Amino acid sequence: MNETTEFRSPRDSDGHGTHTASISAGHYVFLASTLGYARGVAAGMAPKARLAAYKVCWNSGCYDSDILAAFDTTVADGVDVISLSVGGVVVPYYLDAIAIGAFGAIDRGIFVSASAGNGGPACLRW
């Protein structure tokens, strides 16, 4: 971990984690618009929800050990919903840390919502 460009906490350094967290529990933003169009109120799906963030990706990548540890921690913390925006190479389900972690969480009654593939903030750099 490069401590000059990353944080040893759930805080993100590129805005991707903040962006995805706001989709779940972002507070109301009045007079929101996209380049002046579609003016209105923006909010996450559950703007009054309490949010916990668990960091699994670093500048060097997203490691299976961190993904599985985050799933284990969220289950132990008693969350009701896990929403994650992480993707990687396609592997069989029995080798996929997201599939394995999600299965364990679902088995304990936790709803899991995961992106269907995600290149992260690099996809936004055009």
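Modeller: Let us begin with L35, which counts as exposed, at 79% relative accessibility. Exposed means over 50% relative accessible area, buried means under 20%, and partly exposed lies in between (1.4 Å probe, protein chains only). This is a predicted model, in which local features need pLDDT of at least 70 and side-chain atom pairs count only at pLDDT 80 or more, while totals for chains, interfaces and linings use all residues. Residues are numbered from 1 along each chain as its sequence is written, and side-chain values use heavy atoms, with hydrogens and water left out.

Biologist: Where does L35 lie?

Modeller: L35 lies in the loop between β1 and β2. Strands (E, at least two residues) and helices (H or I, at least four) are DSSP runs, numbered from the N terminus. β1 and β2 form a hairpin with 2 residues between them.

Biologist: How do strand β1 and strand β2 pair?

Modeller: Two strands pair if DSSP finds at least two bridges between them. Here strand β1 (residues 29-34) and strand β2 (residues 37-42) pair in the antiparallel sense over 3 bridges. One of the bridge partners is G40 in β2, which faces A32 in this pairing.

Biologist: Which residues make the nonpolar surface patch?

Modeller: Patches are made of residues with over 30% relative accessible area and no salt bridge; like charges are joined within 9 Å, and nonpolar side chains (Val, Leu, Ile, Met, Phe, Trp, Tyr) within 5 Å. In this model, Y28, F30, L31 and V41 make a nonpolar patch of about 490 Å². Accessible areas come from the Shrake-Rupley method with a 1.4 Å probe, and for residues only the protein chains shown count as cover. L31 lies in strand β1 and counts as exposed, at 78% relative accessibility.

Biologist: Which residues of the largest nonpolar core touch the most other members?

Modeller: In soluble globular proteins, nonpolar side chains tend to be buried together. A nonpolar core is a set of buried Ala, Val, Leu, Ile, Met, Phe, Trp, Tyr and Cys residues joined through side-chain atoms within 4.5 Å. The largest such core has 13 residues, of which I67, F71, I82, L84, V86, A105 and V112 touch the most other members. Each of α2 (64-77), β5 (81-84) and α3 (97-107) supplies at least two residues of this core, and α3 gives the most, with 4 residues.

Biologist: What is F71 in contact with?

Modeller: Contact means heavy atoms within 4.5 Å. Neighbours within four places in sequence aside, F71 is in contact with residues including I82, L84, A105 and V112.

Biologist: How many salt bridges are there?

Modeller: A salt bridge is a side-chain nitrogen of Lys or Arg within 4 Å of a carboxyl oxygen of Asp or Glu. The count by this rule is 1. It joins the side chains of R8 and E3 (2.6 Å, N to O). R8 is exposed at 62% relative accessible area, and E3 is exposed at 54%.

Biologist: How many helices and strands does the protein have?

Modeller: The protein has 3 helices and 6 strands, in the order α-β-β-β-β-α-β-α-β from the N terminus. Of its 126 residues, 21% are buried.
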